[in-house]
Every structure is written in structure tokens, then in C-alpha cells.
Amino acid sequence: MADQLSPNEKLDLITRNLQEVLGEEKLKQVLQERELKVYWGTATTGKPHVAYFVPMSKIADFLKAGCEVTILFADLHAYLDNMKAPWELLELRVKYYEQVIKAMLESLGVPLEKLKFVKGTDYQLSREYTLDVYRLSSMVTEHDAKKAGAEVVKQVEHPLLSGLLYPGLQALDEEYLKVDAQFGGVDQRKIFTLAEKYLPSLGYAKRAHLMNPMVPGLTGAKMSSSEEESKIDLLDSKEDVKKKLKKAFCEPGNIQNNGVLSFVKYVLFPLRGDFCVKRDPKWGGDKVYSVFEEVEKDFAEESIHPGDLKASVEVALNQLLDPIRKKFQSPELRKLTNSAYPDPSKTKGAGKGAKAGGGGGGGEDDELAPSRLDIRVGKVISVEKHPDADSLYLEKIDVGEAEPRTVVSGLVAYISQEDLQDRDVLVLCNLKPQKMRGIESQAMLLCASIEGEPRRVEPLDPPEGSSPGERVFVEGYETGKPDDRLNPKKKVWEKLQVDLKISDECVAQWKDKQLMTKLGQITCKTLKGGNIS
């Protein structure tokens, strides 16, 4: 196929569905002369899950465009990132990653002979590479190194020096793998710009950078915050996939942070070119879509029911997972899986560690304090229908800043414009802004809801006499400082949101502690026992 494509057609295939490209002119120049050399790296830490199909789908695009693709198993990076992978397990996890990623690519129909697999420690411990690490560390400031890794390296109060080295090593990989471009998520952007800034200082060429958007997981805000329930593992049974998809966040008409829709866009359409929504004949029967935008439009207008969308994705996902499950039924790969990821409850000292960490001791969950959420009282200044979506409102909300914020909410089916106009509401202000049908939403209007037929939704109410901009806090967490912006990759909001509920007295709570302002409790009108989102 690649032989029949022009350089411009190859570029279109290489860059489709990407959020950003740095150095596009360099790509054009290379493609006029020869095939592009690109690499994607993955730190061998936790088990790969279904979200890995997103970069795998893009790697399939690169291969169709004739690119020479290298996949780097970054074992040394896994250790440097706050020792996410213990040193004694590095070799086993590299073997696991290699087997599972090869199985994923095979399930996508990608010929493995066109790929090169490299382990980081095969060259990162060489004399030349080590000297370049020292040369680079004499140029990069502590501020630049910390900033570059802010969205990738685990952030802790007292960072280790190893985490500061991480971005520089990733920059050097571009030279030592002899590539023209590096591919990664947009969360890697600061590492990519660090590479562009400092590699020329070492006498090396500046590379191009290809960035995927940060795609929300299939299992979003409605899932448990525990590790196993927050993702769909590549080896999960069909029953587990059904159970986890059933709990996935997929609100009717809501296309924001919808991981189920995102999977259709970034995996299924690039691989298949179409998508079939399966439904009962009495609701119109099956419908095949040839472009994703039509799926998104129908879902936003509630022509596609979330249950039908989930069931259709479940069928397609199991078709991708079946060859992987089959491959990992072999005794050798079962043993490898158990050795690379031993059961924590069976490791030495697990019980002691669990008890010691019971109340407050520095684990990842201790960082999930509700004070990280910037929830404020807001006043709705104006509300109108979204010009391109019948189910969405476009609101201007005063949150105590110089200018009101633009907020897009899927509330048309539940609340009239008259009820929203001039209403005091609660607004989550530190989510990353998201475009909803072409308009950027700069915050989230918080509501109580109860699922069922019909679904019922009510905005949360601040105490009478509240003013725009007043801080909302959880009792016992009054002094914590909210994040400037919640990192979508860390899913802080999703993990905290599962414990936000409405009490039997219609009071908003987080883990049975009340949400409050200085004037009193946050409430809703009638939805006892409801969720908050």
C-alpha cells in the first residue's frame, strides 16, 4: 500500500487524528526523499490495558504509510520514575510487555516484520550514552527538568533525582535510536520541547514530534477508584469486559470525556473504516456508520442510546481481545504474567504494609484529598441553547473572576432555561477545558442525578446569601489548596467523584463528610441518595 501513496498522502495518514505535530515541515522534507523513521516508547510499569489500542492503532497508520517504526521498551525509565517497577522485576516486565504488545499488534493485523523492538538498557548503559547524560545534565536546569516531566513523571512532595533525569534520557533516545520523529501522547509535549531545545546543544539534530490527544479511558467517572475496576485489562474475561463497560461513564447526549465514544473514534474507525451500532429492530435496527462525526452527532442528539453504544463497542472490543486471551492461555505466558506481576497480598510483608498505611501514610490514595478540587459558588448570568447541539446549554457563569466562564452543559432535557437563568450554582473550575461541539467549556456545572426511566437531574444549591467565587470545601479538608489544573491523565476528579453522593437529607457529601461554604451546607432539592457529577 505504501508504495502506491504520494508523500502528501503518507503525511495525511501519519498525522490523522493527532492533536498536534511539531516539525511538520521536516516530515514533508523527509517524505520527499525516503521513508520516515519514527519511534514510540513505553515504560514497562503496570500491565498494559485496552487504552494501549489507541497508540497501537496509530502505529498501524505509520506502517501503512511505509514508516520504519521502532518500539522502545523503556525499562530504565520505569525504574527512574519513582521506582514504579522494582529493579528485580524489570527484565520480567520487559518480556511481558513485548509479548502482550506483539499480541495486540497481531490482533490488529499488523505485520511484525516491519517493526523493530528495542530494550532501553540495551544501549542506555553504554559509555557513549552515559557521557551524553552527563553532558545534558550540565546544561538542563532543575526547573526545566521538573517542568518537562510534570505530566509524565509521578509528582511527589520530595522528588527523587531519578525523576529529574527521566526527561533528558527520553530526549537522548531520539538520537540513539536514529529516528526522524518521536510519537507519544500530548502529555509528553514538555519532554518533546525539552528535546527540541537541548539536543542541538549537544550537536544532534532536532526531531519532529507527533502527539496523540489524551483519550479518556473506557471506564470513567462511574467506575470504582480501585486499580482493577478502573480499567479493562487485555486479559479480562468477556464477563469482566461486560461488567466494566456497563459501569463506564457514558451519559446520554454527553460527548465530553466519553471514553466509549473515544474508543470508537481513535481505535475502531482507523482500523475498520466503519462502525456498526447494534440495536433492537423496534428501535430502528442495526446502523452502520462510515464516519465518526455522524456517530458523535447521533449520540449528542440522543439518537443512539448509551446501552446500544456500549453493547456495540463490547462486541468490537472482544473481537480484538480474543486472540490476545488465546495466546496468553499457554502455560509459559501464564507463568510470565504471574512472575512479572506477583499478587501483592502474597508478597512478603504485604499484610504489615497494609496495616501501616491504614490512616494516613504517603500512599497514592493519600494524595487524593477533596481539597484538590476547585469548587466555587457561581451565578448563571446567561443561558442559551448550543448552536450545534440540541441537548446542550451554553452558559456564562460568574465564578468571582474578572470575566465570566463559558460552560457547556448537557442539561436541556432536565432543566429549563428559566430555571437556570440567574441561579446560584456550584462549578468545578480546575478541569482541563474541553471543546464540546466546537465551543470550549471552561468549567463543569455540578448536579445531583438519579439514574432510571426517566433520569432525574438537579443542580446543586449553595447556601442562601452565597456570592460568586466563594470556595466550597469538604468538612475536615478546609485548609487544603486546590490544584491549579487537574491532570486528566491522573484522573483525580474521576477518583474523587465516585465518593460524592447526596444523603437522605439531600445534603451533598464526600465519604459521608458534608460539602460546605462558610455559610453552611451544599444541598439539592429532592434527589436523596443521588450521585454528583
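1. Let me start with the pairing of β2 and β3. Strand β2 (residues 37-43) runs parallel to strand β3 (residues 68-74), and seven bridges join them. Strands here are DSSP runs of E, at least two residues long, numbered from the N terminus, and two strands pair if DSSP finds at least two bridges between them. Within this pairing, Val38 has Val69 of β3 opposite.

2. A word on the basis: this is a predicted model, in which local features need pLDDT of at least 70 and side-chain atom pairs count only at pLDDT 80 or more, while totals for chains, interfaces and linings use all residues. Residues are numbered from 1 along each chain as its sequence is written, and side-chain values use heavy atoms, with hydrogens and water left out.

3. Now the sheet. Its six strands follow the order β1-β6-β5-β2-β3-β4, giving an open sheet with mixed pairing.

4. Strand β12 (residues 424-428) deserves a look: four of its five residues are buried, meaning under 20% relative accessible area with a 1.4 Å probe, protein chains only. β12 pairs with strand β9 (residues 375-386) in the antiparallel sense over five bridges, and Asp424 in β12 is the bridge partner of Lys379. With strand β15 (residues 444-445), β12 makes a further antiparallel pairing over two bridges, where Val427 stands opposite Leu445.

5. How many disulfides does the structure hold? The number is zero, a disulfide being a pair of cysteine sulfur atoms within 2.5 Å. For Cys429, the closest cysteine sulfur is in Cys447, 14 Å away, so the two are too far apart for a bond. Cys429 counts as buried because its relative accessibility is 5%. Cys67 also has 5% relative accessibility and therefore counts as buried.

6. Finally, the cavities (sets of points on a 1 Å grid over the protein atoms alone where a 1.4 Å probe fits but cannot get out). Lining residues have an atom within 4 Å of a point; for the second largest cavity they include Pro370, Arg471, Phe473 and Trp510. Strand β18 (residues 471-474) gives the most to this lining, with four residues. The lining of the second largest cavity divides into ten nonpolar residues, one polar and one charged.

Methods. 1 Å grid on protein atoms, 1.4 Å probe; cavity = no way out; pocket = protein on both sides within 12 Å on 5 of 7 lines; lining within 4 Å. Nonpolar A, V, L, I, M, F, W, Y, C, P; charged D, E, K, R; others polar. Buried < 20%, exposed > 50% of the residue type's maximum accessible area, 1.4 Å probe, protein only.
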